[in-house]
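Subject: Structure for your files, with notes on charged side chains

Please find the structure below. Some notes on its charged residues follow.

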2 protein chains.
Amino acid sequence: MKAEIIAVGTELLLGQIVNTNARYLSVELAALGIDVYFQTVVGDNQVRLQQAIKIAEERADLIIFSGGIGPTQDDLTKEALAASLGRELHIDRQAMDNIDRFFKDREQPMTENNRRQALAIDGGTPLPNETGLAVGNAISHEDKHYIVLPGPPKELMPMFENQAKPWIMSHVLTAETPLYSKMLKFAGIGESALETKLLDLIESQSDLTIAPYAKESEVTIRLSTKAALESEALDKLDAMEKVIEERLSDYLYANRDVPIEQIIVEMMTEMNLTVSAAESCTGGLLMQGITSIPGSATVFLGGIVCYSNEMKKKLLNVPTHLLEGEEAPGAVSKETAAVLAEQVRIITDTDFGLSITGVAGPAFSERKPVGLVYIGISERNGATATYELNLKGNRETIRVRSAKAILYRLWLRLKELQAQKS
Amino acid sequence: MKAEIIAVGTELLLGQIVNTNARYLSVELAALGIDVYFQTVVGDNQVRLQQAIKIAEERADLIIFSGGIGPTQDDLTKEALAASLGRELHIDRQAMDNIDRFFKDREQPMTENNRRQALAIDGGTPLPNETGLAVGNAISHEDKHYIVLPGPPKELMPMFENQAKPWIMSHVLTAETPLYSKMLKFAGIGESALETKLLDLIESQSDLTIAPYAKESEVTIRLSTKAALESEALDKLDAMEKVIEERLSDYLYANRDVPIEQIIVEMMTEMNLTVSAAESCTGGLLMQGITSIPGSATVFLGGIVCYSNEMKKKLLNVPTHLLEGEEAPGAVSKETAAVLAEQVRIITDTDFGLSITGVAGPAFSERKPVGLVYIGISERNGATATYELNLKGNRETIRVRSAKAILYRLWLRLKELQAQKS
């Protein structure tokens, strides 16, 4: 079963809004085991809309429209579809009553153009609109299926969930097998290195799909498979997860779609551990990431941004001899990273102290190159580890990667502690 | 001039990501006076991608691709386009050097699949990637123009702005009247309120376009106009800017596309002022925003994230009687916001101290509602101002809006100081 989503609206072509409907519908269709092969966006123009319908009919069995069914002259989706199918339009009585009642309740006159929102294609099924006035349509014609939904997400989503989905299940998916999937999240490894390690699995995939993709210093793999029984699908997904985990246990941090910060907060909550941070070049980026997780308050107590050397001395007791003088290692050094991590841990009385100090650019500093960053992890009753990073990219990329790098190191250490405990 | 945007990626068809690239490119093309009639999304499949190219060639003069140029087996955009045009691919030397250097700097072995990122179509113009490894391509073939861009927005945007746009202007828009534009940036005002204040101008626009759009708590207006002579265009743009500035001087913070943090860093540098911050619910978000600006080091010295009450007492000397007890105003109060701002200013010896304390949610705290936030601005030899915010939205939105709110207040105050000086 192949589907195409056609979003109708000049506002999309002008970039005034983002096509979130296509995303929502794609997720919903994937969950039904329906493959979306194309998404199209077309403006409020009947000729071009009919062209788009013709193309979609050649490559999809199910065509879903969003938008273009409001009251104004440029809302043309139903007209274009009716013309394409060689059918007529009529006013759907129930939808019209609904519109009349809406204006009567508000004691406002109903302008004539509102009647357009009650239009339905002859021979189709009207889809009631729970949160708006424009009625949707579902229709099967020859061997194709068409569903017309409103543009505003708050109307489209309940109409899809409560009206269109049941219609698809009873009219379209009579003989299909459902699709199940699972997300695996990785840190500390790039997309291409990860793919290389899984290449044999990816190349030999048949009834289970392995799809890697990267975003913001994290790599995700989606495993998906079709099966008649949910238990059968889950067994297959779990088995593949196990194979991947054996190869990549030092990188696989979650089997659901969450950032590494979330996993760290969960692990530390469970182990009753606390953390603080001292940030120089990242200026708060690490801390804001951790505190973006709901429930981080019991784990993350506070921290210090020590952007200038003066602040490193004043707020974090970094000795002057580390920072100043010809022979001094300087602010960007493993020595300073170690003191920052230790001091912030002591000052805040936490179990872990994290530190980041480096050259984010665009200019170098201390005659050190842009991208040279030191991170430190200090542990109560334990050692202080430091790592040197040599990062590429612009200022923002270097900052983000520095924060992700220390989160990865912290996660590795927490995993070790967890293993020791159990 | 008609354009079509083809976004390539199965992750879009699965609904894993939203097609923000189509939106960005649509806005940029509209600003160049180029009409986008269709946007298409197609998966990582060479046959379907070539079908999409064929269809686009029938209805557009300029075809822009986003995505599918990474290192992995399913990145096929360049292969599909080369096959459609009947051209060969080669390795672009400069891009390959860049990739080699990247892995060498990291002392990591370059896996063979990374060579794919240096592929370029014979006879085209390689578009260097400033923030990633995959090189872009621009090519004219028969009477059509093709541009291949990477999928990640942080690679696509600079490549479009710095490489593709100049190429379009010099290779595609040769016979068109050039378009000139200017960005006006606003803070402290919403998009609809701003539009209302400019409605007469927007409705009567003819040869000068006024296009408002909103993103991340900032509103931007793009003024654009076509003219044969640059001086003529600039005169028109300046005149309109003046009209808008007269109406909205308390909100218009820049006439170029920069965040408010940039303007604040520039104003404080000029006035030789310094600033620090104490953040509770925003957890470092404010400071990371300021320090994301190159050159912020002379202005922003440091600050403290005091997420727990213990840290508020310990690191920022907030008296216990403010925080604890039945009658205490609590951590989320104007009293605490004032102490935090004053103390961080005193501790860091800066001219301004900023503070944010509030309930970002999802759970309420201190029996106070989600979205209640207090911000404080303390000034050396001056008063400490506090403001109560009642924000709507999820945790992330509330945190971002809190940070933007205090930046707006600080900007207003700096403007006042600037006016007094001159």
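The side chains of E155(A) and N129(A) are joined by a polar contact of 2.9 Å (a pair of N or O atoms within 3.5 Å; within protein, one able to donate a hydrogen and the other to accept it, with residues adjacent in sequence counted only if both atoms are side-chain atoms). The model is predicted, so local features need pLDDT of at least 70 and side-chain atom pairs pLDDT 80 or more, while totals for chains, interfaces and linings use all residues. Residues are numbered from 1 along each chain as its sequence is written, chains are lettered from A and ligands numbered from 1 in the order written, and side-chain values use heavy atoms, without hydrogens and water.

E155(A) is buried (under 20% relative accessible area; exposed is over 50%, partly exposed in between; 1.4 Å probe, protein chains only). E155(A) has no salt bridge (a side-chain nitrogen of Lys or Arg within 4 Å of a carboxyl oxygen of Asp or Glu). The nearest side chain of opposite charge, K154(A), is 4.4 Å away (Lys and Arg count as positive, Asp and Glu as negative; His and the chain ends are not counted).

Over all chains, 42 salt bridges are found. One of them pairs R116(A) with E79(A), with the closest N and O atoms 3.1 Å apart. This pair links distant parts of the chain, 37 residues apart. Both R116(A) and E79(A) are buried.

E396(A) and R399(A) also form a salt bridge, at 3.6 Å from N to O. E396(A) is partly exposed at 32% relative accessible area, whereas R399(A) is buried at 0%.

Technical notes. Helix = DSSP H or I, 4+ residues; strand = E, 2+ residues; numbered from the N terminus.
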